Each structure stands twice: as structure tokens, then as C-alpha cells.
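The structure is shown first.

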Amino acid sequence: MQFKILVIEDNQEISRNIAEYFEPFGVIMDFAYDGEQGVSLALNQYYDCIILDIMLPKMDGLAVCKLLREQANRHIPIIMLTARDALDDKLVGFSNGADDYLTKPFALEELLVRCLALAKRHLLNSERTLKLGEGNKQLSLNLQTQQVSRCGQSIVLQPIPFKILQLLMEHHPRPLSRSEISDKIWGDEPTDSDALRSHVYQLRKSIDKPFEDAIIKTIHSVGLALDIE
């Protein structure tokens, strides 16, 4: 099995050492030398794992990790590299979405083992299709093809309503507040409430209106949830 890994590290000697050790194992490598370049590559290419340094030019690793968790259309396993070894620093990294953490200096063998373990585990756990409910509330969403169906009937959704439905399905049965939905979709550039309301309306129109029972419910003073057992 061949894996593709992105290294976001401004120290070119470290990047070169990683490449020389990883490539004989059949790993395909891409490299970014600042945070902005790393985000651009990660959002536009497919990677099985990202090796991410914290101290980066233009955008630090914590900001990169947080941005990828907000904007990427899939979970990309991220292992952070840093000279910081304090517990608080690690907790900050994990809270921003890191999957693993390795302190410099590190053994290249350990880095490879951790990267491949993350990539394999994520590959095994990746669920391309989300499925909920039965009968007239059966709902299916394919993350790869972007296809949605209810009771076997295909439904076409625009990107934002699709993302809202994906979030509701992933977090079911927990309701999501409107601010939480907005944060996950637009991140640090939140839209106004009318825009979100419009997208939710379009989602209801597609998912609920053609059917007898509505499954998207509003919980007063809490947010949105799916009415599915």
C-alpha cells in the first residue's frame, strides 16, 4: 500500500532527512516551507498524513491545523513536530486538531512508524457513506461522490446545505447550535445569520418537503438536530 505524505517544515535540512528516510519505503512526499503554502497544498491535494511543524513562517502550525480542520472536506491525519515538550504545549496542539505529537529531536524510524500507523488507522476507519434511520426516515450521504438520498430517492444539494447535513449526521443525535454550524463551515470568516437561515431553508426544502415526515428539527434555544431514531 502506497501512502502520500505532506511535510510542512521550514527547515529544509529536516525535510531532506525525512525524504531520504521515507522514500525507500515507497512513500510519496510533498513539501511546503511555510504555513500558507502548506494549507494550500493540503486543501487542494490528497494526503494520507501531514507532518506539521509548529514554528512556521507566515502562519504557525497551530493555525494551520485549526484551519485545515475547519476547511478540509475530510479528516487528514496530522502529526505535529515541535521543539516544545511541555504538556501544555501538547494539549494546545491536540485541541487544535492534531492526531499525534513528536518532540524534536526525534528518530526518523519513529516518525515513519507513527505516520504510517495514523494513515492506516484512518484509512480503515474512514466511512465514505453516512447512513441513518429506517423506513421513511432512511438517510444516506456519500462523502466521496457527494450523493444524498432519502428512502432511496436521490437528492441534489448545493455545497453549503450538503455540509450542514453532513455535520448533523456526523454529530447525531447531538444537536448543533447555529453558531457551531457557522464556525465549522465558515471558520474565522462567519457569515450573517440570514445567510445560514437561507441555507437551512434550502436543506429543509430538499430533504423534508417531498416527504411526509420532516427529519430536520429545530430545538428551541439549542439549535438543529435530526429527528431520526
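The text below treats a helix pair and then a pocket.

The model is predicted, with local features requiring pLDDT of at least 70 and side-chain atom pairs pLDDT 80 or more, while totals for chains, interfaces and linings use all residues. Residues are numbered from 1 along each chain as its sequence is written, and side-chain values use heavy atoms, without hydrogens and water.

**Helix pair.** H2 (residues 35-44) and H3 (residues 61-71) pack at about 25°, and their axes lie 10 Å apart. H2 is therefore roughly parallel to H3 (angles under 35 degrees). The crossing of the two helices is right-handed, the near helix being turned clockwise from the far one by less than a right angle. Helices are DSSP runs (H or I) of at least four residues. The contact (heavy atoms within 4.5 Å) involves Gly35, Val39, Ala42 and Leu43 from H2, and Val64, Leu67, Leu68 and Gln71 from H3.

A pocket is an open set of points on a 1 Å grid, where a 1.4 Å probe fits, with protein on both sides within 12 Å along at least five of seven lines; lining residues have an atom within 4 Å of a point. H3 and H6 (159-171) each give two or more residues to this lining, and H6 gives the most, with five residues. Among the lining residues are Glu70, Gln71, Phe162 and Lys163.

The residue classes are tabulated below.

Key
Axes fitted to C-alpha atoms, helices over the stretch in contact; angles between N-to-C directions. Parallel < 35°, antiparallel > 145°, perpendicular 65-115°, else oblique.
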